[in-house]
Amino acid sequence: DWFADTLAHTTTVTLDVPGDIESMLGRIAGVAVNRWTLIDGGGAALADASEDELPLWRRFFPLRPRAITVRDVDRVPLTLSRPSALFTDDWRVVADGTALGTVGRNLFGSLLVRDASGAERFRVRRSWLSRRSRVVLDGGKEVARMEWPSPGFFATIFDRPGLVIALPQGASLDDRR
């Protein structure tokens with residue numbers, strides 16, 4: 001399908017947050033759903049993502065389950081869900097109805113990406129040199145980076161660059177998802 005084909009061939013994915021004043025105020029007040037646009041390495045929109053419930057409910061009930069759906073043109077190819085923060089902080093990743101694994105934190109704040117069997121696939125930790133980047137490790141070896149590009153000197157809060165995720169070279173489609 002189109003989503004899988006594009007994801008399998010792109011080198012980066014940029015997570016772009018809407019920067020208009022209405023979206024920002026709505027998210028701050030808790031009356032607008034968190035939304036993102038995923039952009040592939042060529043600058044084309046790959047998919048849209050959104051949280052399924054209003055942030056206002058999380059303020060009153062912080063241990064509620066959460067879900068994020070990623071939609072391409074006509075369907076939902078990817079879902080991230082967390083049952084309840086009381087029992088686990090891990091997000092389950094489901095692609096096209098198949099469980100791919102989980103994303104969670106370890107004791108030291110690193111993200112652990114596990115496959116469906118529970119084996120650690122990637123570890124994501126903060127870079128030693130920059131607070132704006134994360135390093136993706138596979139068996140202790142750096143395979144990719146996640147960067148928050150620095151906004152220009154004249155940038156406002158409305159035109160901040162999005163998170164850029166470099167996808168590991170030679171990674172399987174499941175690992176890219």
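Which residue takes a positive phi in the hairpin of strand 7 and strand 8? Gly 109 does, with phi near 95°, and the hairpin has 5 residues between the strands. The points below cover this hairpin and the rest of the model.

1. Basis. This is a predicted model, in which local features need pLDDT of at least 70 and side-chain atom pairs count only at pLDDT 80 or more, while totals for chains, interfaces and linings use all residues. Residues are numbered from 1 along each chain as its sequence is written, and side-chain values use heavy atoms, with hydrogens and water left out.

2. Overall form. The protein has 4 helices and 12 strands (DSSP runs numbered from the N terminus: H or I of at least four residues for helices, E of at least two for strands). Its radius of gyration is 17 Å, close to the 16 Å that the globule rule gives for 177 residues, so the protein is as compact as a globular protein of that length. That radius is taken over C-alpha atoms, and the rule is 2.2 Å times the number of residues to the power 0.38. Along the principal axes, the C-alpha atoms fill a box of roughly 40 × 40 × 40 Å.

3. Of the 177 residues, 32% count as buried (under 20% relative accessible area; exposed is over 50%, partly exposed in between, with a 1.4 Å probe and protein chains only). The protein exposes about 10700 Å², and carbon and sulfur atoms supply 59% of this area (Shrake-Rupley method, 1.4 Å probe; for residues, only the protein chains shown count as cover). Among contacts (heavy atoms within 4.5 Å) between residues at least 6 apart in sequence, 28% join residues at least 24 apart.

4. Strands 6 and 7. Strand 6 (91-95) and strand 7 (98-105) run antiparallel and are joined by 5 bridges; two strands pair if DSSP finds at least two bridges between them. Val 94 stands opposite Ala 99 in strand 7. The hairpin has 2 residues between the strands. Asp 96 lies in this loop and has phi near 50°, a positive value in a residue other than glycine. Asp 96 is partly exposed, because its relative accessible area is 39%.

5. Strand 8 (residues 111-115) runs antiparallel to strand 9 (residues 120-126), with 4 bridges, and Arg 114 stands opposite Glu 120 in strand 9. Their hairpin has 4 residues between the strands, and Gly 118 takes a positive phi near 100° there. Strand 9 also pairs with strand 10 (residues 133-138) in the antiparallel sense, over 4 bridges. Arg 123 stands opposite Leu 137 in strand 10, and the hairpin of strand 9 and strand 10 has 6 residues between them.

6. Thr 11. This residue is in the loop between helix 1 (2-9) and strand 1 (12-16). Thr 11 counts as partly exposed because its relative accessibility is 43%. Leaving aside residues up to four places away in sequence, Thr 11 touches Ile 165, Ala 166, Leu 167 and Gln 169. Thr 11 and Asp 40 are 29 residues apart in sequence and 7.7 Å apart in space, C-alpha to C-alpha.

7. Helix 2. Ile 28 is found in helix 2 (residues 21-29), and counts as exposed because its relative accessibility is 57%.
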